[in-house]
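Subject: Structure for your review

Dear colleague,

Please find below the structure that I am handing over to you, together with its sequence. I would be grateful if you would read the notes that follow with the structure open.

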Amino acid sequence: MITLSTAEQTCGAFLDALASKAPTPGGGGASALVGALGTALCTMVGNYTVGKKKYAGVEEDVKALMGKAEDIRARLLALVDADAAAFEPLSRAYSIPKDNPGRGEIMEQCLRDAAAAPMEILRLSCEAIDLHREMLDKGSVMMLSDVGTGVIFCWSALYGACLNVKVNTKSMADRAYAEAMNREADQLVNQYWKIAEQVYEAVMGRFS
């Protein structure tokens, strides 16, 4: 378990923990961090746009995008720790003897908690992709590569979060709850990978 919050660590310390045999951080936390990086790039594009006469007509829109991006970035960063915190009880629950009458209820709650963080990471990644789509049209043309890079990061976070939802729903006894969560995850992935790809291809098209 990480002793410092993600926000208090250096990049190197986080990567060392991620590469180690420690149970956390893992794929869910890494997805949240990648999404936060992608969202930070959206804000960076905005910072290079506001104050420029060429973009005066969209400056207020860009400022609004930046505000949303900063909120999403903070929430994603917090979810790195939330994902780790939810995994710890689950890892302990797996060691409960199978003949313990309370094991099933404990496991089910732990699985729900463990799936909740990556589900929120997935939702926020979709919101961040939408921000990049709008920033593509309103942000500085000098920062196109950063829009493309940012949306790729959010795209990766989207898929990573989905995997971490499904690794938990797979073991849930309440199949109705699990399938409802899987449906939401699938619907968001099916919708937003296309949007992310469109943004990326639009950026690439402007370089040709």
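Please bear in mind that the model is a predicted one.

Largest pocket

The volume of the largest pocket is about 340 Å³. It is lined by 17 residues, and those closest to its centre are Thr 6, Cys 11, Leu 33, Leu 37 and Leu 77. Helix 2 contributes the most, with 6 residues. Sorted by class, the lining of the largest pocket comprises 13 nonpolar residues, 3 polar residues and 1 charged residue.

Second largest pocket

The second largest pocket holds about 240 Å³ of space. Among the 16 residues that line it, Asp 83, Phe 87, Asn 164, Val 167 and Asn 168 are the closest to the centre. At least two lining residues come from each of helix 2, helix 3, helix 4 (103-138) and helix 5 (144-169). Here helix 3 supplies the largest share, namely 4 residues. By class, the lining of the second largest pocket contains 9 nonpolar, 6 polar and 1 charged residues.

Yours sincerely

How values were computed:
Residues are numbered from 1 along each chain as its sequence is written. This is a predicted model: local features need pLDDT of at least 70, side-chain atom pairs count only at pLDDT 80 or more; totals for chains, interfaces and linings use all residues. Side-chain values use heavy atoms; hydrogens and water are left out. On a 1 Å grid over the protein atoms alone, a cavity is a set of points where a 1.4 Å probe fits but cannot get out, and a pocket is an open set with protein on both sides within 12 Å along at least five of seven lines; lining residues have an atom within 4 Å of a point. Grid points are joined across faces, edges and corners, and a volume is the space filled by probe spheres set on the points. Ala, Val, Leu, Ile, Met, Phe, Trp, Tyr, Cys and Pro count as nonpolar, Asp, Glu, Lys and Arg as charged, and the others, Gly among them, as polar.
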